[in-house]
Amino acid sequence: MDSGSSPSLFPLHRCKTIHLVRHGQGIHNVEGAKNYKKLMKPEYFDAHLTPLGWQQVDNLRKHVHESGLSKRIELVITSPLLRALQTAVGVFGGEGYTDRMDILPLMVANAGYSERPSISSLNCPPIIAIELCREHLGVHPCDNRRSISDYQFLFPAVDFSLIESDEDILWKANVRELKEEVAARGLKFLNWLSTRKEKEIAIVTHGGFLFHTLSALLNDCDPLAKKEMCKHFANCELRSMVIVDRSMTGSDSSTTNYPGKIPDGLDLPRGVASENLEKEKSNLV
């Protein structure tokens, strides 16, 4: 049998299910899709979602709930750019927010010109922001983030604690990150992801980051699988994949495996067992 076409097996506890999501349409996507140079516009700084982008978020949210994903996802990781944060809380956040002093909203009303009400942090997975899954760094103002202090005001219940610098020290006005550097950052992100205890994780990020990371990661895989997984993401597209820890270095143990032989002891042949049972019955008479 051709081993390349045969099914393969791997221990379940060495795997994670990830749901990759590209953000909804941002204001920079409208003109940028027609003319790449338009992305240089200063007014696209940390681009927010368009009204169409919010419609895309609503549609993906509906799918996530109808498919049952909303009940399975244990953690949401997002890029700390405004369009990604809006997408993350819009898709995976809780239902309608009521003003309570003891519960912070995921997003305050009208955050990032959204004209949207506050989004609740109740009954939804935790959402954390990570610099490693940001879009291609440098030159384009749309990929320049604002301060974490500003974000914390707009998204009070999102966890920004893993971001070290309040100001954006990664984005450079005159230096564009190389594609190879984006891919290397993406692989570093996936290595970090493999250390997380959660087994089902949603990641809200960007088209360029996803394309370069997946292309590098899947360089040696089956051409058909690579074609399916590496094609460019549409706005608010979700693709589900499995990460396998082939190094076997993870410390997680299986929560479903069962060792057997409990209770331990010799397994008597059927005839002997029946005779012993009859003797036990006669002794009771």
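**Exercise 1. The largest core**

Which residues of the largest nonpolar core touch the most other members?

*Solution.* First, the ground rules. This is a predicted model, in which local features need pLDDT of at least 70, side-chain atom pairs count only at pLDDT 80 or more, and totals for chains, interfaces and linings use all residues. Residues are numbered from 1 along each chain as its sequence is written, and side-chain values use heavy atoms, leaving out hydrogens and water.

Step 1. A nonpolar core is a set of buried Ala, Val, Leu, Ile, Met, Phe, Trp, Tyr and Cys residues joined through side-chain atoms within 4.5 Å. Buried means under 20% relative accessible area, exposed over 50%, and partly exposed in between (1.4 Å probe, protein chains only).

Step 2. Read off the members. The core has 36 residues, and V76, V89, F92, Y151, F155, V158 and F160 touch the most other members.

Step 3. Trace the elements. Helices (H or I, at least four residues) and strands (E, at least two) are DSSP runs, numbered from the N terminus. Two or more residues each come from α2 (51-66), α4 (82-92), β3 (127-129), α5 (148-154) and β4 (200-205). The largest share, seven residues, is that of α4.

Step 4. Zoom in on F160. Contact means heavy atoms within 4.5 Å. Residues up to four places away in sequence aside, F160 touches L85, A129, I148, Y151, Q152 and F155. A second, separate core of 20 residues includes I18, L75, I201 and L214.

**Exercise 2. The sheet**

Determine the strand order and the pairing directions.

*Solution.* Step 1. Two strands pair if DSSP finds at least two bridges between them. The open sheet of five strands runs β3-β2-β4-β1-β5, with mixed pairing.

Step 1. Find the edges. β3 and β5 each have a single partner strand, so one side of each lacks a neighbour in the sheet.

Step 2. Assign directions. β1 and β5 run antiparallel through seven bridges; V21 stands opposite L238 in β5. β1 and β4 run parallel, joined by six bridges, and H19 has A202 of β4 as its bridge partner. Strand β2 (residues 75-78) also runs parallel to β4, with four bridges. Here V76 stands opposite A202.

**Exercise 3. Helix α7 and its surroundings**

How do α6 and α7 pack, at what angle and with their axes how far apart?

*Solution.* Step 1. List the buried side of α7 (residues 207-217): G207, F209, L210, H212, T213, L214 and S215. These residues pack against β1 (15-22), α6 (179-193), β4, α8 (223-230) and β5.

Step 1. Get the geometry. Axes are lines fitted to C-alpha atoms, for helices over the stretch in contact, and angles run from 0 to 180 degrees between N-to-C directions. For α6 and α7 the angle is about 80 degrees, and the axes are 8 Å apart.

Step 2. Classify. Angles under 35 degrees count as roughly parallel, over 145 as roughly antiparallel, 65 to 115 as roughly perpendicular and the rest as oblique. α6 and α7 are therefore roughly perpendicular.

**Exercise 4. H206**

Is H206 buried or exposed?

*Solution.* Step 1. Locate H206 in the loop between β4 and α7.

Step 1. Its relative accessible area is 0%, so H206 is buried.

Step 2. Beyond four places in sequence, H206 touches R22, H23, S79, L81, R83, A84, C133, R134 and E135.
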